[in-house]
Amino acid sequence: MFAAIGLGAAQTATAATAAHVKVRVEGPTATIDQSDPVPITGTFAGHQLPAPTALGALLAAGRQHHFAIGLQWFDCCGFFVNSIAGTPGDATHYWAFKVGQELSSIGAGSIPAKPGLSVLFYYTTFNPNTGATEPTLGLSGRKAVAKGASVTFTVTAFNDAGKATAARGAWLHVDGLAVHADSTGHITVQFGHTGTFPVRATETGAIRSRTIWVHVGSSASS
């Protein structure tokens, strides 16, 4: 059994000194959330979350952006996330949790919130023999360029240990187009008109990257 935590479902408070935490939630078919909330604390599913944590940041994101989070309490280990946005784990999938690029061996309720903390919750299949989850994609590239300029993006795949390899099978999605990465995980894109464009990477058998918003101005200083 687990409790679905939604808006107003628990008595919560925001710790005044808590740091913002970068939270990303990747569902089966789409990104559910990408934000940087201040963690909340309080009573959830009948148990206390007394200090700001990664789980408190996820709960804050769910409250702000209207998606429910199913929690289960284990006396040995505390809270674990069973479902997000109405999607539960099953015999071949579960909601995994990374701190930075590494799969966490403890629950998100045991990770203290601190400046610079970045966490990813992702719905993944797992290897029944090793328990390994699907690789997660990282994306880097310039976020501000001039019209007509070219930008080289780098897509990297990370395993559960945080080991990086070039995502040579990745696709970069930008401005309605999909461009295939080269053997080193690089993609060069030219921006032909001004505006602000979402850019993300996907790859079969991997968890999509975060979205980068690239601002294209009329000049380099725009």
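Predicted model: local features only at pLDDT ≥ 70, side-chain atom pairs only at ≥ 80, totals over all residues.

**The open sheet and the side-chain pairs**

Reply: Ala144 stands opposite His215, a residue of strand 21.

Strand 14 pairs with strand 21 in the parallel sense, and three bridges join the two. They belong to an open sheet of five strands, arranged in the order 14-21-20-17-18, with mixed pairing. Strand 14 (144-146) and strand 18 (177-180) stand at the edges; each has a single partner strand, so one side of each is left without a neighbour in the sheet. On average, and with direction ignored, neighbouring strands of this sheet are turned by 30° against each other.

The charged side chains come next. The count of salt bridges is two, and Glu26 takes part in a salt bridge with Arg24, at 2.8 Å from N to O. Arg208 and Glu26 also meet through their side chains in a salt bridge, again with an N to O distance of 2.8 Å. This second pair links distant parts of the chain: Arg208 lies in the loop between strand 20 (195-202) and strand 21 (212-217), Glu26 lies in strand 3 (residues 22-26), and the two are 182 residues apart. Taken together, Arg24, Glu26 and Arg208 form a linked network of salt bridges.

A pair of aromatic rings is described by the distance of the centres and the angle of the planes. The structure holds six aromatic pairs. In one of them, the rings of Trp95 and Tyr123, the centres are 5.2 Å apart and the planes stand at 55°, so this pair is tilted. Trp95 belongs to strand 10 (residues 93-99) and Tyr123 to strand 12 (residues 118-125); the pair links distant parts of the chain, 28 residues apart. Both Trp95 and Tyr123 are buried.

A second pair consists of Phe97 and Phe121: their ring centres are 4.8 Å apart and their planes are at 25°, so the pair is stacked. Since Phe97 lies in strand 10 and Phe121 in strand 12, the pair ties together parts that are 24 residues apart in sequence. Phe97, at 9% relative accessibility, counts as buried. Phe121 has a relative accessible area of 2% and is therefore buried.

Finally, which residues does Ala54 touch, not counting residues up to four places away in sequence? They are Phe97, Ala108, Ile111, Leu117, Val119 and Phe121. Ala54 thus has contacts with both rings of the stacked pair. Ala54 itself is placed in helix 1 (residues 54-65). Its relative accessible area is 0%, and for that reason it is buried. Ala54 and Phe97 are 43 residues apart along the chain, and 9.8 Å separates their C-alpha atoms.

Conventions:
Residues numbered from 1 in each chain as written. Heavy atoms only, no water. Salt bridge = Lys/Arg side-chain N within 4 Å of Asp/Glu carboxyl O. Helix = DSSP H or I, 4+ residues; strand = E, 2+ residues; numbered from the N terminus. Phe/Tyr/Trp six-rings, centres within 6.5 Å; stacked < 30°, edge-to-face > 60°. Buried < 20%, exposed > 50% of the residue type's maximum accessible area, 1.4 Å probe, protein only. Contact = heavy atoms within 4.5 Å. Pairing = 2+ DSSP bridges. Axes fitted to C-alpha atoms, helices over the stretch in contact; angles between N-to-C directions.
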